[in-house]
Amino acid sequence: TDSYINEIYALGVAALKSGQPFFRVHLFPFKLELENLSKYRSSQWYPFWVNLKEGYDYFNKHKRPPNVEVSGGKYTFGV
């Protein structure tokens, strides 16, 4: 919602003003668990969401956002 986006924006501005060089925002269209994801198998976005699930799983395992890069048109997630 707008109020949540405004809060994210305000936190980002505050972080940058305090000297933090960047900040990350990780957003997902829904909980990317296998059961949920399988409901959308016929969506044109399914391959993209499967790729996002790698980052989603990384966060759930390590409890911190992964470093995200793009390689070959796909996101890669790691330390």
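Predicted model: local features only at pLDDT ≥ 70, side-chain atom pairs only at ≥ 80, totals over all residues.
Let me begin with a term: a residue is called buried when its relative accessible area is under 20%, exposed when that area is over 50%, and partly exposed in between, with a 1.4 Å probe and protein chains only.

Residues are numbered from 1 along each chain as its sequence is written, and side-chain values use heavy atoms, with hydrogens and water left out.

Now the helices, where helices (H or I, at least four residues) and strands (E, at least two) are DSSP runs numbered from the N terminus.

Pro21 is 14 residues from Glu7 in sequence and 19 Å from Glu7 in space, C-alpha to C-alpha. After H3 comes Lys63, with a positive phi near 60°. Most residues other than glycine have a negative phi. Lys63 sits in the loop between H3 and strand E1, residues 67-71, and is exposed, with a relative accessible area of 61%.

In that loop between H3 and E1 we also find Pro65, which is partly exposed at 42% relative accessibility. Taking contact to mean heavy atoms within 4.5 Å, and not counting residues up to four places away in sequence, Pro65 touches His26, Tyr58 and Phe59.

Next, the interior. A nonpolar core is a set of buried Ala, Val, Leu, Ile, Met, Phe, Trp, Tyr and Cys residues joined through side-chain atoms within 4.5 Å. The largest such core has seven residues, namely Phe30, Leu32, Leu37, Tyr46, Trp49, Leu52 and Tyr56, and helix H3, residues 46-62, gives the most to this core, with four residues. Tyr56 touches Phe28, Lys31, Leu32 and Glu33, again leaving out residues up to four places away in sequence.

Which residues of H3 are buried? They are Tyr46, Trp49, Asn51, Leu52, Lys53, Gly55, Tyr56 and Tyr58, and what covers them includes helix H2 (34-38) and E2. Asn51 is buried at 5% relative accessibility, and beyond four places away in sequence Asn51 touches Lys74, Tyr75 and Phe77.

That brings us to the aromatic rings, and back to Phe48. Rings of Phe, Tyr and Trp (its six-membered ring) pair if their centres lie within 6.5 Å, and planes under 30 degrees apart count as stacked, over 60 as edge-to-face and the rest as tilted. By this rule the count comes to seven aromatic pairs. The rings of Phe48 and Tyr75 have centres 6.2 Å apart and planes at 50°, so this pair is tilted. Because Phe48 lies in helix H3 and Tyr75 in strand E2, residues 74-78, the pair ties together parts that are 27 residues apart in sequence. The rings of Tyr75 and Phe77 also form a tilted pair, because their centres are 6.2 Å apart and their planes are at 45°. Tyr75 is partly exposed, with a relative accessible area of 32%, and Phe77, at 21% relative accessibility, counts as partly exposed as well. Together, Trp45, Phe48, Tyr75 and Phe77 form one aromatic cluster.Last, the pocket, which on a 1 Å grid over the protein atoms alone is an open set of points where a 1.4 Å probe fits, with protein on both sides within 12 Å along at least five of seven lines, and its lining residues have an atom within 4 Å of a point. About 150 Å³ of space lies in the largest pocket, and its lining includes Leu52, Gly55, Tyr75 and Phe77. H3 and E2 are the elements that give two or more residues to that lining.

Definitions and conventions:
Points joined across faces, edges and corners; volume = space filled by probe spheres on them.
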